[in-house]
Amino acid sequence: MMDVSTEVALAKQGARARLDWFTRLEGCADAFLRSYSILLYFILYAPSLVLGVLSFNDSFTMTLPWRGFTFRWYEALLRHGDVAVSFKHSLGVALSTMFVSTVLGTLCALGMRRRFRGNNWVYEFMLLPLVTPGIISGISVFLLFTHFTIIPSLYGSVLVGHIVFALPYVFLVVYARVQALDPRLEEAALDLGANEARTFFHVTLPLLMPGVVGGALFAFLLSFDEFIRTYFLSGGERTLPMLLWGMLFDVLSPEVAALATVMLCVSIGLLLIAQYWTRK
Amino acid sequence: MGYLPWLVTPACVWLGLFLLLPLVIVLVYSLWESTITGIRPVWGLQNYRRIFEGTLYLRLLAKSLTTAVIVTMLTILIGYPVAYFVARKSGRYKAIFLILVLVPFWTSFLLRNFAWMPVLGTHGVLNQLLVGLRILAQPRPIFLYSDLAVYIGFVHTLLPYLIVPVYVSIEALDPRLIEAAKDLGASKIRTLLHITIPLSMPGIISGSIIVFVNVAGAYVTPRLLGGSSGIMYGNTLADQFGATYDLPFGSALSLILMIIVLLGIGLLKRFASVRGLYGA
């Protein structure tokens, strides 16, 4: 019969061995999860990277094989009259969407600051555009304009549709900021003698500004890239995504890839700026 | 500050006019009839009878809904581990991983769908790769314009819409709950299944709703990647406002889609609250 101390020692050894095996298994699981996630990120980006690469291909079709590096497709974009016109249209609508939806969304977020009867209904209502499929949104507004015999136009039907689309996003971003406001700062201002208007403009608004700017940039982004609603709501004028759509049913040249790459870079650039502002 | 809640009025009026009113008009038009001379307000169910008495539209609807359910499940399976990884296991690189998953979220949906065309096409990257690796003798045109391409397109473009809400809800979990589970002796798997996943349900549900809504009402993905056999409900719906121009019939189709989407969301939310009661 072994003495107690040896038995305990052996038991501890067994326990430690089991613990090591477990820890190693967990380590393996973590490494596996890491590899899986990184692989998935790569797959998420791969097609866009392919587009980017193909836009520099000196070939007449947007396919491999690689025939050499060239900027000519980007030059062709600059010379392409339609591209400049559509870009102007997209820019104009996006800026207008940005202004209107930011004002509406910020006001709404401010109004939601304190609980009131119907508070939840307003919140759900503001999020309703998010659960409405794009085609339904586009089609229903199209019907509205058609019914009242208003001609679809860029700064009419298209703008309206874009604002409805962007509003929930602006609202959510600013609302999060509003919720995070420390009321004591405003109370301090009031205690120090400022009236409500002064407090709002000199304390509340500056504190909200990063969120508002971030929300505005998101609204711009959403409108600039928007396709499906614009498809139903536009009259004859085309935005950049609509122009791109038209090019997709012809023979694909690397010029299309170049246009896509430019749009992607603009979006990413604006997104990074918006992210910077919302994190301030 | 009794005036504060009134600040929500502009936004609500806007949505009431340009989201709700259009839907009412869709409802009204769905009960009317399209004739050679124009649209007649007959106030009858002829459009609905046409939809439910044949099999064409019901089959398309079933196809869209089944695809929506499958894609939702796929995105949850593929995306949850990534969200978990970023929220809890990414360490120093969390901010980078987060930005990297937000970029696709905010870039053009159209572009991300389109990006698959040069990858899956007959002369695309995939075929070139397979031929180069001698897996295929020649390029095959079977990848693009197929159900496979449509599924790949859906999962790829909608994955970020699931990962972000799930990330937010995992991130918001109180880490002390996980610690408590460990202290009480639960294994990692047990903690995952019984604590982490049930508590991140709100995020899973939110993400699922976004994915489901997007697939059910999809137009771009099946049109670009599906070919002639890839038609989904959204495409037929869009036709009614394009070539066919049967506004009342299109309205009926739209209304049915909207009702189903709302039912689906209601179901998902009900599922969440039941799970909440059970798991909590």
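Author: First, a term. Contact means heavy atoms within 4.5 Å. Also, this is a predicted model.

Reader: Fine. How many residues of chain B are in contact with chain A?

Author: On the chain B side, 79 residues are in contact with 80 residues of chain A.

Reader: What area is buried between chain B and chain A?

Author: About 7,300 Å². Carbon and sulfur atoms give 82% of that area.

Reader: And how many salt bridges across the interface of chain B and chain A?

Author: The rule finds two. It also finds nine residue pairs in polar contact across the interface of chain B and chain A. On the side of chain B that touches chain A, helix α1 (residues 9–30) of chain B gives the most, with 16 residues.

Reader: Which residue forms a salt bridge with A:Asp30?

Author: B:Lys89 does, with the closest N and O atoms 3.2 Å apart.

Reader: Is B:Lys89 buried, exposed or in between?

Author: B:Lys89 has a relative accessible area of 24%, so it is partly exposed. A:Asp30 is partly exposed too, with 31%.

Reader: How many salt bridges over all chains?

Author: The structure holds ten. The B:Lys89 and A:Asp30 pair crosses between chains, from helix α3 (residues 56–89) of chain B to helix α1 (residues 4–54) of chain A.

Reader: Give me some inside chain B. What does B:Arg40 meet in a salt bridge?

Author: B:Glu33, at 2.7 Å from N to O. B:Arg40 is partly exposed at 42% relative accessibility, and B:Glu33 is partly exposed at 26%.

Reader: And what forms a salt bridge with B:Arg50?

Author: B:Asp246, with the closest N and O atoms 3.5 Å apart. That pair links distant parts of the chain, 196 residues apart. B:Asp246 is in the loop between α13 (233–239) and α14 (247–279) of chain B, and B:Arg50 is in helix α2 (residues 46–53) of chain B.

Reader: Why does B:Asp246 count as buried?

Author: Because its relative accessible area is 13%, and buried means under 20%. B:Arg50 is partly exposed, at 42%.

Reader: Which ring does the charged end of B:Arg50 sit over?

Author: The ring of B:Phe249, 3.7 Å from its centre. In chain A, A:Arg72 lies over the face of A:Phe60, at 5.0 Å from the ring centre.

Reader: Switching to aromatics. How many aromatic pairs over all chains?

Author: There are 30. One of them is A:Phe165 with A:Tyr169, edge-to-face, 5.9 Å centre to centre and 75° between the planes. They are four residues apart in helix α6 (residues 154–179) of chain A, so about one helical turn separates them. Both A:Phe165 and A:Tyr169 are buried.

Reader: Where do A:Trp245 and B:Tyr219 lie?

Author: A:Trp245 is in helix α10 (residues 240–247) of chain A, and B:Tyr219 is in the loop between α11 (201–216) and α12 (220–225) of chain B, so the pair joins two chains. Their ring centres are 6.0 Å apart and the planes are at 35°, so the pair is tilted. A:Trp245 is buried at 7% relative accessibility, and B:Tyr219 is buried at 7%.

Reader: Last one. Which residues form one aromatic cluster with A:Phe165?

Author: A:Tyr169, A:Phe218, B:Phe105, B:Trp106 and B:Tyr161.

Technical notes
Residues numbered from 1 in each chain as written. Chains lettered and ligands numbered in written order. Predicted model: local features only at pLDDT ≥ 70, side-chain atom pairs only at ≥ 80, totals over all residues. Heavy atoms only, no water. Phe/Tyr/Trp six-rings, centres within 6.5 Å; stacked < 30°, edge-to-face > 60°. Buried < 20%, exposed > 50% of the residue type's maximum accessible area, 1.4 Å probe, protein only. Lys NZ or Arg CZ within 6 Å of the ring centre and 35° of its normal. Buried area = accessible area lost by both parts, 1.4 Å probe. Salt bridge = Lys/Arg side-chain N within 4 Å of Asp/Glu carboxyl O. Polar contact = N/O pair within 3.5 Å; in protein donor to acceptor, adjacent residues only side chain to side chain.
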